Structures are given as C-alpha cells and as structure tokens.
Amino acid sequence: AVRCDDGDSTTASSGDPQTRTAVFNLDAGETVTCIFTNTQRGAAVVVSQSVPEGVTGSFLYTGVPTGTVPVDGTLVVANLPPGTYTTTEADPAPAFDLIDVRCDDGGSATVSRGDATTRSAIFNIDPGEMVTCTFLNARRGTLIVVAEVDSQGVEGTFQYTGVPSGTLSAGGTLVVSDLSPGTYTTTEVDPAPDFELTDVTCDDEG
C-alpha cells in the first residue's frame, strides 16, 4: 500500500502501489506524509517421502510448486506474494500409492492443508512465512505363489483363486506386482485325487 496524509487539504495527495508512486500535492506551509507499506514474501516447500525407506522413484507435481523430484527430494518456490497456492501430485500408480499429505505452517491463522484423495496441498502463505507440505507415498508390493511338490520329477497342475490366481505346473510360480498395501487371499483348488495339500508357508521378507 501507499497511503498519503495531508489532512483536509483541497489538493489531496495520493499513493498508488501499482506504480509504487506517491504524488505529493503540497500547499503553503503544509506537511504531507506518505507511507509505503511493504509485505515480505513467503515460500512454499514440497517434500516427497516414501515408505518403506530406501526405495527409488520420482514424483511429478503441477501448480505451485511444480516439477519432478525423486524420493526424499524437495521443491522450493521462494519469494511468493502472500496468498493461496495449490500443488497436485500426478497419480504415482502403478508403483506407488499416495497415502498422506501433511502441511506445516506453525501457528498460522490461515492454516494450510493437504488432501490425499485429490493428491493436493493448499498453501496459505502469510507475509514472510515458509509453508512445508509433505507427500507420503507407499511403495506397492508383490505377491508370489510357488507350487511345490515333495518328490522331484513329479508332474501335475494346481489351480489358485483370489489374488494371485491362475494355474501352475509343479514347481511353477504366480507373480502379481504393484499391489497396494493391504490384505489379499489366494486359495488352492482341492488337488485331489492326485495330490494332498500338506503345508502352506509364507515369507514376509522385506
């Protein structure tokens, strides 16, 4: 803002923040005061995180900030005029699912917020404020079914329903990749009369 005070003068002084100019209309013996008010700009920061730690990948953001960052990378836009800005993460599927967006702007009365459903963060930047919004992406997983038999050289086929599903020969595998974290069930169709299912073991490695 540019505000000018010259009392009740009939030749009023004026200020214009658009042109950053004050026009002083000075009468005889008059003192005119014009005040220039400057607002400090702020910053918006996007932080990309993932679970579990140590995975690789990259994520695209559009809006403000905009750009592509790797896991544990950051996007910073400085010198932003106070106001509201939005950035959106492009759908990270099939490798990841966005599970949380958290924003930190301290005790600001104009609270910034994230929405994992829309994959967006809304930055409400106050004068001189830096707002950080963290996007948390979960790496999708893989399920593997192995059809084992207890005698070498034995032939046979085994059918599985659910996730994973399909038909395997003895010693074969079914693989389903890029599954969102959650619970899945697969069931072996009764292998009788040729076989009897005697054991099911699972390895949660990693």
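## Disulfides

A search of the whole structure, which is a predicted model, finds two disulfides. When the bonded cysteines of the protein chain are numbered in sequence order, the pairing reads 1-2, 3-4.

One of these links is formed by Cys4 and Cys34, whose sulfur atoms are 2.1 Å apart. The link of Cys4 and Cys34 is right-handed, with 110 degrees about the S-S bond. Cys4 belongs to strand β1 (residues 2-5) and Cys34 to strand β4 (residues 33-36), so the pair ties together parts that are 30 residues apart in sequence. Cys4 has a relative accessibility of 23% and therefore counts as partly exposed. Cys34, at 15% relative accessibility, counts as buried, because buried means under 20% relative accessible area.

## The second link

Cys103 and Cys133 also form a disulfide, with their sulfur atoms 2.1 Å apart. The link of Cys103 and Cys133 is right-handed, with 110 degrees about the S-S bond. This pair connects distant parts of the chain, since Cys103 lies in strand β10 and Cys133 in strand β13, 30 residues apart.

Cys103 is partly exposed, with a relative accessible area of 22%. Cys133 has 0% relative accessibility and counts as buried.

Strand β13 covers residues 130-139, and seven of its 10 residues are buried, so the strand is largely enclosed by the rest of the structure. In general, strands of a sheet pair through backbone hydrogen bonds, and the pairing is either parallel or antiparallel.

Strand β13 takes part in pairing of both kinds. With strand β5 (residues 42-51), β13 pairs in the parallel sense over nine bridges. Within this pairing, Ala138 in β13 is the bridge partner of Val51. With strand β10 (residues 96-104), β13 is joined by eight bridges, and these two strands run antiparallel. Here Phe96 stands opposite Arg139 in β13.

## An open sheet of three strands

Another part of the structure is an open sheet of three strands in the order β16-β15-β18, with antiparallel pairing. Strands β16 (166-169) and β18 stand at the edges, each with a single partner strand, so one side of each is left without a neighbour in the sheet. Neighbouring strands of this sheet are turned by 30 degrees against each other on average, direction ignored.

Strands β15 and β16 run antiparallel and are joined by four bridges. The bridge partner of Tyr160 in β16 is Gly166.

## The largest pocket

Rolling a probe the size of a water molecule over the atoms shows where empty space is left. The largest pocket has a volume of about 1500 Å³. It is lined by 38 residues, of which Ile144, Val145, Val200, Thr201 and Cys202 are the closest to its centre. One of these residues, Cys202, is exposed, with a relative accessible area of 72%.

Which strand gives the most to the lining of the largest pocket? That strand is β14, with six residues. Strands β14 (141-146), β15 (157-162) and β18 (186-188) each supply at least two residues of the lining.

Terms used: Residues numbered from 1 in each chain as written. Predicted model: local features only at pLDDT ≥ 70, side-chain atom pairs only at ≥ 80, totals over all residues. Heavy atoms only, no water. Buried < 20%, exposed > 50% of the residue type's maximum accessible area, 1.4 Å probe, protein only. Pairing = 2+ DSSP bridges. 1 Å grid on protein atoms, 1.4 Å probe; cavity = no way out; pocket = protein on both sides within 12 Å on 5 of 7 lines; lining within 4 Å. Points joined across faces, edges and corners; volume = space filled by probe spheres on them. Axes fitted to C-alpha atoms, helices over the stretch in contact; angles between N-to-C directions. Disulfide = S-S within 2.5 Å.
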